[in-house]
Amino acid sequence: MIVNIGKAAENDMVIGNSSVSRTHARLCSEGSSGWILEDLNSTNGTFVNDVQILKKNIIASDRIRFGNSDTYSLKELLHANNDYSEEFGKLKEIYKTYTEAKVKIQSSNQLKTRLFQSLPFALPGVIGVTIGFLGKGSPEMFGISLFITILAPTIGIYLGAKQASKVPLQLQILADNFKINYVCPKCGAFLGEIPWESLVNKKQCPACKAKWAKE
C-alpha cells in the first residue's frame, strides 16, 4: 500500500498549504517492517516529532508534519485514501465470537431444559418403587409415593420453563453488544449478521465507500 502526499490534486492525501510541495512525501507499507515515510525532495522538508527526515519508520504515536502544515498521525495518513482495511480486519474476530456465543447459549439452554423436564419423570418411578418396597404396601407410603410422582414432574416442567425464559434476554444482550461493535469502521453503520468473509469480498462499504480490503 502506498499513500502519496502533497499539494497536487492527484495525491492520495492533498494538503492545501503553501509550504507543501506538489509531490511532497510518500508513505509505504513494508510488510513486517511496518510503515516507512519518505520525503520526495520537498522544498520545506518532512518532519517526524519535529525532526526533519529523509526516510523513517513510522509508528502510531509519531507526530508528522509536511513543511509548515498541521501535524498528522499515522492513522490519519492511512485513512487519507479511505483505506480502513486494518480496522475492518478486526471485525472478523467480533463476528466469530458472536456466532460462537449465540450457539453456546442456544445449545446450553436445550440441554438444561431437557434435563429439568425429563429427570423428574424418571426419578419418581425409582423413588416410588423404593418406598413401596420399604413400606410393603403401607397406605402412608403409597400416598407419599403418589405425591412424589405428581410433584416431581410438575417441578421439572416449571424449572424447564424458567430456564427457557432466560434465553431471550441472554440473546438480546448478546445482539445489542454485537450491533455496537460489528459496524463499518468509518461510518459506523451496522453490518447485520452477514458473515465477515462475505463482507470483505465486497471490498468497500456500500454507504460511505470506505475500503475494507487492500487492492
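These are my notebook entries on one protein chain, taken from a predicted model.

**Overall layout**

I began with the secondary structure and counted nine strands and five helices in the protein chain. I then read the order along the sequence, which is β-β-β-β-β-β-β-β-β-α-α-α-α-α. I looked up the burial next: of the 215 residues, 35% are buried. For contacts between residues at least 6 apart in sequence, I noted that 45% join residues at least 24 apart.

**Sheet**

I traced an open sheet of five strands and wrote down its order as β2-β1-β3-β4-β7, with mixed pairing. Its edge strands are β2 and β7 (55-58), and each of these pairs on one side only. I then checked the pair formed by β4 and β7. Strand β4 covers residues 35-39 and runs antiparallel to β7, with four bridges joining the two.

**Asn 11**

I went to Asn 11 in the loop between β1 (2-6) and β2 (13-14). Is Asn 11 buried or exposed? The relative accessible area is 10%, and the limit for buried is under 20%, so Asn 11 counts as buried. I then asked which backbone oxygens the side chain of Asn 11 reaches. One is the backbone oxygen of Ala 8, at 2.9 Å. Another is that of Arg 22, which lies 2.8 Å from a polar atom of the Asn 11 side chain. Leaving aside neighbours within four places in sequence, I listed the contacts of Asn 11 as Asn 4, Ile 5, Gly 6, Arg 22 and Thr 23.

**Nonpolar cores**

I looked up the largest nonpolar core and found 20 residues in it. Phe 88, Tyr 182, Cys 184, Leu 191, Trp 196 and Trp 212 have the most contacts inside this core. The elements that give it two or more residues are α3 (91-135), α4 (139-181) and α5 (196-200). The largest share, four residues, comes from α3.

Not counting residues up to four places away in sequence, Cys 184 touches Ala 189, Leu 191, Cys 205, Cys 208, Ala 210 and Trp 212. I also recorded a second, separate core of 18 residues, which includes Ile 5, Trp 35, Phe 66 and Tyr 72. Ile 5 is also on my contact list for Asn 11.

Conventions:
Residues are numbered from 1 along each chain as its sequence is written. This is a predicted model: local features need pLDDT of at least 70, side-chain atom pairs count only at pLDDT 80 or more; totals for chains, interfaces and linings use all residues. Side-chain values use heavy atoms; hydrogens and water are left out. Buried means under 20% relative accessible area, exposed over 50%, partly exposed in between (1.4 Å probe, protein chains only). Contact means heavy atoms within 4.5 Å. A polar contact is a pair of N or O atoms within 3.5 Å; within protein, one must be able to donate a hydrogen and the other to accept it, and residues adjacent in sequence count only if both atoms are side-chain atoms. A nonpolar core is a set of buried Ala, Val, Leu, Ile, Met, Phe, Trp, Tyr and Cys residues joined through side-chain atoms within 4.5 Å. Two strands pair if DSSP finds at least two bridges between them.
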